[in-house]
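Colleague: I have a model open and would like to learn how to read it. Where do we begin?

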Amino acid sequence: MNSMLRKSVLGIAGLAFTGGVFAGPVAAHADARPVEGKPVAVATVQGAQSKIDLNGEQTANAKAIIAATKKAGLPERAAVISIATSLQESKLENLGHLGDANDHDSLGLFQQRPSSGWGTPEQITDPEYSTLAFLKGLKQVDGWQDMPLTEAAQTVQVSAYPDAYAQWEQQATDIVAHNWNS
């Protein structure tokens with residue numbers, strides 16, 4: 001996505017998030033509901049939510065994130081944060097080099113950068129490796145389990161758009177609830 005389009009999209013997301021903050025927690029809970037009676041791995045869904053239809057590749061990538069989270073011995077909440085982060089960064093698509101449209105040298109599900117020490121391009125574009133790298137950063141955040149998703153994700157990712165992760169929390173929660181035990 002070119003930087004002007006990305007800034008526009010994320011600016012709108014920021015406005016939607018701000019609107020959700022002013023609407024208060026009651027409005028945020030209006031659409032939050034457990035999926036098929038399974039425990040919901042989310043404390044509170046904040047702000048306006050986005051949702052995309054997932055294709056087979058995106059679903060496989062979400063399942064790979066869940067598998068890596070389990071491999072790391074982390075709970076569902078970590079998978080929710082990871083999937084929401086990937087939804088924001090790549091729409092759960094394992095992105096290779098995008099040429100002039102690339103944001104620096106960002107690659108993979110989490111738009112991690114080799115030049116920032118996330119790993120080699122081959123490692124970063126491996127869903128298990130990139131998820132484990134993200135989770136390693138998440139585990140270093142004191143209290144990540146209890147903080148808002150967008151704050152936990154931002155602390156690891158250090159994005160120019162720190163509030164953008166919140167919009168994916170409900171969809172990430174639904175994906176984890178549906179796939180955690182499968």
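**Reading a helical model**

Modeller: With the contacts. Of the contacts in the protein with a separation of 6 or more, 63% join residues 24 or more positions apart. Keep in mind that this is a predicted model.

Colleague: Which secondary structure elements does the protein have, and how many?

Modeller: Eight helices and zero strands. From the N terminus on, the order reads α-α-α-α-α-α-α-α. Buried residues make up 45% of the 182 residues.

Colleague: How do I check the length of a helix? Take α6.

Modeller: Helix α6 covers residues 127-139, which is 13 residues. At 1.5 Å a residue, the helix should span 18 Å. The end C-alpha atoms of α6 are 18 Å apart, which agrees.

Colleague: And how do I read the faces of a helix?

Modeller: Begin with the general idea. An α-helix has 3.6 residues a turn, so residues three or four places apart point the same way. Now the case here. The buried residues of α6 are Pro-127, Ser-130, Thr-131, Ala-133, Phe-134, Leu-135, Gly-137 and Leu-138.

Colleague: What do the buried residues of α6 pack against?

Modeller: Four helices: α3 (56-71), α4 (76-90), α5 (121-124) and α7 (149-157).

Colleague: Is α7 buried or exposed?

Modeller: Seven of its nine residues are buried, so α7 is largely enclosed by the rest of the structure. The buried ones are Leu-149, Thr-150, Ala-152, Ala-153, Gln-154, Val-156 and Gln-157. They pack against α4, α6 and α8.

Colleague: Now helix pairs. How is the packing described?

Modeller: Two packed helices are described by the angle between their axes and the distance between the axes.

Colleague: Which residues of α3 and α6 meet?

Modeller: From α3 come Asn-61, Ala-64, Ile-65, Ala-68, Thr-69 and Lys-71. From α6 come Pro-127, Glu-128, Thr-131, Leu-132 and Leu-135. By class, this contact of α3 with α6 has six nonpolar, three polar and two charged residues.

Colleague: Can we zoom in on one pair there?

Modeller: Take Ala-64, in helix α3. Its C-alpha atom and that of Thr-131 are separated by 8.3 Å. Ala-64 is partly exposed, with a relative accessible area of 23%.

Colleague: At what angle do α3 and α8 pack?

Modeller: At about 70 degrees, with the axes 10 Å apart. Thus α3 and α8 are roughly perpendicular to each other. Here Ala-62, Lys-63 and Ile-66 in α3 meet Ile-175, Val-176 and Asn-179 in α8. The residues of that contact divide into four nonpolar, one polar and one charged.

Colleague: And how do α4 and α8 cross?

Modeller: Their axes come within 8 Å and cross at roughly 130 degrees. Helix α8 is residues 169-179. The pair α4 and α8 is therefore oblique. The crossing is right-handed. On the α4 side, the contact uses Glu-76, Arg-77, Ala-79, Val-80, Ile-83, Ala-84 and Leu-87. On the α8 side are Glu-169, Gln-171, Ala-172, Thr-173, Ile-175 and Val-176. Sorted by class, the contact of α4 with α8 has eight nonpolar, two polar and three charged residues.

Colleague: Is Thr-85 buried or exposed?

Modeller: Thr-85 lies in helix α4. It is buried, with a relative accessible area of 0%. Now look past its neighbours within four places in sequence. Thr-85 is in contact with Phe-110, Phe-134, Ala-153, Gln-157 and Tyr-165.

Colleague: Last topic: backbone angles. What is the phi of Gln-111?

Modeller: About 55 degrees, a positive value, although Gln-111 is not a glycine. Gln-111 lies in the loop between α4 and α5. This residue is buried, with a relative accessible area of 11%.

Colleague: And where is Val-158?

Modeller: In the loop between α7 and α8, just after α7. Phi of Val-158 is near 55 degrees, again positive in a residue other than glycine. Val-158 is exposed, with a relative accessible area of 63%, whereas Gln-111 is buried.

Note on methods
Residues are numbered from 1 along each chain as its sequence is written. This is a predicted model: local features need pLDDT of at least 70, side-chain atom pairs count only at pLDDT 80 or more; totals for chains, interfaces and linings use all residues. Side-chain values use heavy atoms; hydrogens and water are left out. Helices (H or I, at least four residues) and strands (E, at least two) are DSSP runs, numbered from the N terminus. The expected span of a helix is 1.5 Å times one less than its number of residues. Buried means under 20% relative accessible area, exposed over 50%, partly exposed in between (1.4 Å probe, protein chains only). Contact means heavy atoms within 4.5 Å. Axes are lines fitted to C-alpha atoms, for helices over the stretch in contact, and angles run from 0 to 180 degrees between N-to-C directions. Angles under 35 degrees count as roughly parallel, over 145 as roughly antiparallel, 65 to 115 as roughly perpendicular and the rest as oblique. A crossing is left-handed if the near helix is turned anticlockwise from the far one by less than a right angle, and right-handed if clockwise. Ala, Val, Leu, Ile, Met, Phe, Trp, Tyr, Cys and Pro count as nonpolar, Asp, Glu, Lys and Arg as charged, and the others, Gly among them, as polar.
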